[in-house]
Amino acid sequence: MKTILILLLAICAGASWSQTGSALPKTAPGQKTEIWSKSGYYDNNTREQVFLGNVRVVDPKIILTCEQLTVNVPETGQRLSRLTAETNVVIDFVDEKSKDQKYHVTAAMAVYSYSVVNSVTNETITFTGLLGKPPLVDTAQGTISSEPLVWDRAAGRFIFKDYHIQLNQSLTDTNGSSPLKL
């Protein structure tokens with residue numbers, strides 16, 4: 001259970017469900033993380049915990065679904081440094097810093113990576129797509145597709161490359177003037 005909790009705390013810092021659907025489950029102090037899957041295994045040689053088939057993770061800070069979740073289990077006292085979610089990945093969370101910005105991310109794969117280099121913390125989740133279908137992030141402001149789509153948790157921002165943005169509002173107000181300076 002300790003491994004699972006470390007895993008989930010590392011994935012995201014905030015909690016919420018998407019704007020399009022259900023709310024996160026009600027949480028109480030001390031509520032535990034739950035993971036469901038059809039099967040799984042732990043490889044003691046590689047220190048990998050693998051969950052297979054209809055994987056669903058419910059935590060006070062995140063809801064994650066995918067078909068395969070692989071966790072590189074850290075040594076005792078060490079921090080989780082890598083986690084991979086594969087096939088039909090859906091992650092719902094709230095930005096840790098703003099507490100109001102909700103994110104609903106869909107991708108073919110999500111790779112969490114944590115490292116400290118020269119006293120600088122690098123903590124990212126890289127989302128990738130499959131067969132021309134890039135990952136998407138939905139927010140109240142709109143939808144962004146990018147390949148890859150990177151959530152830099154240390155900086156609290158998404159990084160886009162070759163991206164497309166669809167806003168949920170017009171860039172001009174009702175009198176035709178633009179409220180945004182482009």
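Q: What makes the pairing of the T70 and Q68 side chains a polar contact?
A: This is a predicted model. In it, the two side chains come to 3.3 Å. The cut-off for a pair of N or O atoms is 3.5 Å, so the pair counts as a polar contact.

Q: Why is T70 called buried?
A: Its relative accessibility is 9%. Buried means under 20%, so T70 counts as buried. T70 lies in strand β4, residues 62–72.

Q: Which residues does T70 touch, leaving out those up to four places away in sequence?
A: They are E48, Q49, V50, L83, T84 and E86. Contact means heavy atoms within 4.5 Å.

Q: What makes F158 stand out in the largest nonpolar core?
A: The core has 28 residues. F158 is among those that touch the most other members, along with L64, L69, I91, V105 and F127. β6 gives the most to this core, with 6 residues. Beyond four places in sequence, F158 touches F93, Y103, V105, F127, V137, L149, V150 and W151.

Q: How many residues of each class line the largest pocket?
A: The lining has 7 nonpolar, 4 polar and 1 charged residues. Lys counts as charged, and the lining includes K133. Gly counts as polar, and G129 is one of the lining residues. Strands β5 (82–94) and β6 (102–117) each give two or more residues to the lining. The volume of this pocket is about 210 Å³.

Note on methods:
Residues numbered from 1 in each chain as written. Predicted model: local features only at pLDDT ≥ 70, side-chain atom pairs only at ≥ 80, totals over all residues. Heavy atoms only, no water. Helix = DSSP H or I, 4+ residues; strand = E, 2+ residues; numbered from the N terminus. Buried < 20%, exposed > 50% of the residue type's maximum accessible area, 1.4 Å probe, protein only. Polar contact = N/O pair within 3.5 Å; in protein donor to acceptor, adjacent residues only side chain to side chain. 1 Å grid on protein atoms, 1.4 Å probe; cavity = no way out; pocket = protein on both sides within 12 Å on 5 of 7 lines; lining within 4 Å. Points joined across faces, edges and corners; volume = space filled by probe spheres on them. Core = buried A, V, L, I, M, F, W, Y, C linked by side-chain atoms within 4.5 Å.
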